[in-house]
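Subject: A structure for you to look through

Hi there,

Here is the structure I promised to hand over. Please open it beside this email and follow along as you read.

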Amino acid sequence: MPNSRQPLQSEPAAIRPLPTLRHAGQLFETERRLNAVLNNASVSIFLMDDRQHCIYMNRAAEELTGWTLDEVLARDCPLHDIVHHTYPDGRPFPLHECAIDRAFPENNQERGEEVFVHRDGHFYPVGFTASPIRDDSANIIGTIIEVRNISEEKAAAERQRLLINELNHRVKNTLATVQSIAAQTFRGRTDLAVRAVFDARMTALSTAHNVLVEDNWESASLISVIERSLAPHLLAEVDINRFRLNGPDARLHPKVAVTLAMALHELMTNAAKYGALSTGEGRVSVTWALSDLGGGQQQLDLTWQEQDGPPVTPPTRKGFGSRLIERQLPLEFDGSAVITYAPAGVVCAMRIPLTQLGWIGQETVEGSLAP
């Protein structure tokens, strides 16, 4: 019977393919490890080719943008046209104006901040680093982009800015408040017991400022803001019936809370100096209500009214407090504030559309995409 078995290969011939197989296995293992690192990274990573098309994105990038790599590849267009195609105000964002994509044509690393558009349409701020990729001949063949969501950082920075501004403003007005309380407390009295009461009221003034730092300024209680703003004068009065506060509670955006607290502080200071609180018979009422503007947004309608104080005459010029109240609300919130110097007492009517909670400007940015 003829021998149908193939002759055995020599040992060198038999082992010749093994180096190639071993090399392929090493490549596979390297790729597996690289994918594991990239997909477990918290920073979003995009790999772009020379057309600014995305050819790779890790898991964090998919979560950041709302798009999967397969969906991005199927679009077959620059990544800019998918996640960065519109300015926050709704204007189209041309690719040639994009700082992120500038790294490729200018052969330079780019760093900065931008605002991306999520797949569901909402905007979010990001910090990025875009670096060119070179081949063995130093030719630019693509770009690697690292991106991270900085919404929380933006919110924290805004809270800090608001806190510093508010503290600076309050320091300028503290002396006037102290002088008003001292004048009412020590009028015709000099004993130590009265001085102890005065010291307690100064402590209350300090405590009233704590509303600025509660809850990390993520939000603030409307009632708490009003009560803390009026607390130094409320506690300085024996007759609590001089004040009437009435209205529902709500959670305020930090920026709204600061603006409202500043406005009430100005009104209280003016009332203590010249208005209803400068006499023993004057009264102040603060009433407010919430109305629905639609789309999940509410409006705060608040009225400050003074009664039974000295006769009021309109000022010959507007001071800092009046300008702050009447200008800041329209500029910052598209609201309104009108101060009426009626003979029977000052009246201030404020209308404040309540900013939704989140990073500053988020509701405006998201609204620009609404159909």
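Strand 11 and strand 12 make a hairpin, with two residues between them. Strands here are DSSP runs of E with at least two residues, helices are runs of H or I with at least four, and both are numbered from the N terminus. This is a predicted model, in which local features need pLDDT of at least 70 and side-chain atom pairs count only at pLDDT 80 or more, while totals for chains, interfaces and linings use all residues. Residues are numbered from 1 along each chain as its sequence is written, and side-chain values use heavy atoms, leaving out hydrogens and water.

Which residues touch the most other members of the largest nonpolar core? They are Ile-226, Leu-260, Leu-302, Trp-304 and Met-350, in a core of 37 residues. Such a core is a set of buried Ala, Val, Leu, Ile, Met, Phe, Trp, Tyr and Cys residues joined through side-chain atoms within 4.5 Å. Buried means under 20% relative accessible area, with a 1.4 Å probe and protein chains only. Helix 9 (254–273) is among the elements that each supply at least two residues of this core, and helix 9 gives the most, with ten residues. Helix 9 is mostly covered, as 18 of its 20 residues are buried.

You can check the length of helix 9 yourself.

Elsewhere, five strands form an open sheet in the order 2-1-5-4-3, with antiparallel pairing. Strand 2 (54–57) and strand 3 (110–117) stand at the edges with a single partner strand each, so one side of each has no neighbour in the sheet. Within the sheet, strand 1 (residues 44–48) and strand 5 (residues 140–149) pair antiparallel over five bridges, and Phe-46 stands opposite Ile-145 in strand 5.

Happy exploring!

Terms used
Buried means under 20% relative accessible area, exposed over 50%, partly exposed in between (1.4 Å probe, protein chains only). Two strands pair if DSSP finds at least two bridges between them.
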